[in-house]
Amino acid sequence: FRRNDETRLEIERLRRELARLLNAERAYREIVNRTNAIVLRWDPQGRVLFMNDFGQRVFGYTEEEMVGRSVLELIVPDTEESSGRDLVAMIQDILRHPERYEHNENENVARDGTRLWITWRNTTIVDSKGELVEILSTGIDTTDRRNRSAQPDDDEEKVQDLPLELLRTILSKGDSSREQAIDRHGLRAHRLNACGYSLGTT
């Protein structure tokens, strides 16, 4: 009987842990899908693992159409129209040496063929052995700014930086750190709203 009681307690504990993790997962995915920035997660072979709702709208694909396919098939053209830079080689180099591309700006392409300039910030996710598991990329469409040949004003930079920093914290950490970041989100969002900024809505 004691063993049965211990088994029931363990099952109950596991159920509570699963519920906690599912709630945390839903919370950070909601934050990711509310931000007005592209959030891309891709594996060491260059295949899409996830793209948030905003990114799907920017590029014109659904999640089902993207997951499992190479970024080179979808959103990265072979070469930049303006410079002739070899973007296939760039992607291959990112996958070999992601630490060299913490910040990167390059031409991308939407489903309808529209060329877009995206400023990316890339964060590596590694396992316990230090092996690359995935790359978390957050991107801002800077096409209009490049066309204007102007820099974003201070307010634009603030709106971009704060949500993206929050996303990088949430998505690149383990469960406990992720939950702490989610808990802080309420306070951060309150401060943003008080300043007239927002994470955006879907």
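Author: The model is predicted. Glu-81 has a relative accessible area of 60% and is exposed.

Reader: Why is Glu-81 called exposed?

Author: The term exposed requires a relative accessible area over 50%. Glu-81 has 60%, so the residue is exposed.

Reader: What makes the contact between Arg-115 and Glu-81 a salt bridge?

Author: A side-chain nitrogen of Arg must lie within 4 Å of a carboxyl oxygen of Glu. For Arg-115 and Glu-81 the N to O distance is 3.7 Å, so the pair meets the criterion. Arg-115 belongs to strand β4, whereas Glu-81 sits in the loop between α4 (71–74) and α5; the pair therefore ties together parts that are 34 residues apart in sequence.

Reader: What makes Glu-107 a buried residue, and which partner does Glu-107 have in a salt bridge?

Author: Buried means under 20% relative accessible area. Glu-107 has 4%, so the residue is buried. Glu-107 forms a salt bridge with Arg-115, with the closest N and O atoms 3.0 Å apart. Through shared partners, salt bridges join Glu-81, Glu-107 and Arg-115 into one network.

Reader: Why does the pair of Asp-93 and Arg-100 count as a salt bridge?

Author: The closest N and O atoms of Asp-93 and Arg-100 are 3.9 Å apart, and the limit is 4 Å, so the pair counts. Asp-93 is buried at 15% relative accessible area, whereas Arg-100 is exposed at 54%. By this rule the count comes to eleven salt bridges.

Reader: What makes β2 and β3 edge strands?

Author: The open sheet has five strands in the order β2-β1-β5-β4-β3, with antiparallel pairing. β2 (48–51) and β3 (103–109) each pair on one side only. Neighbouring strands of this sheet are turned by 30° against each other on average, direction ignored.

Reader: How do you know that β3 and β4 are paired?

Author: Pairing requires at least two bridges between the strands. β3 and β4 (residues 115–126) have seven bridges in the antiparallel sense, so they pair. Glu-105 stands opposite Thr-119 in β4.

Reader: Which strands does helix α5 lie across?

Author: Helix α5 (residues 87–96) lies across β1 (38–42), β3 and β5 (132–141), and runs at about 140° to β3.

How values were computed: Residues numbered from 1 in each chain as written. Predicted model: local features only at pLDDT ≥ 70, side-chain atom pairs only at ≥ 80, totals over all residues. Heavy atoms only, no water. Helix = DSSP H or I, 4+ residues; strand = E, 2+ residues; numbered from the N terminus. Axes fitted to C-alpha atoms, helices over the stretch in contact; angles between N-to-C directions. Contact = heavy atoms within 4.5 Å. Buried < 20%, exposed > 50% of the residue type's maximum accessible area, 1.4 Å probe, protein only.
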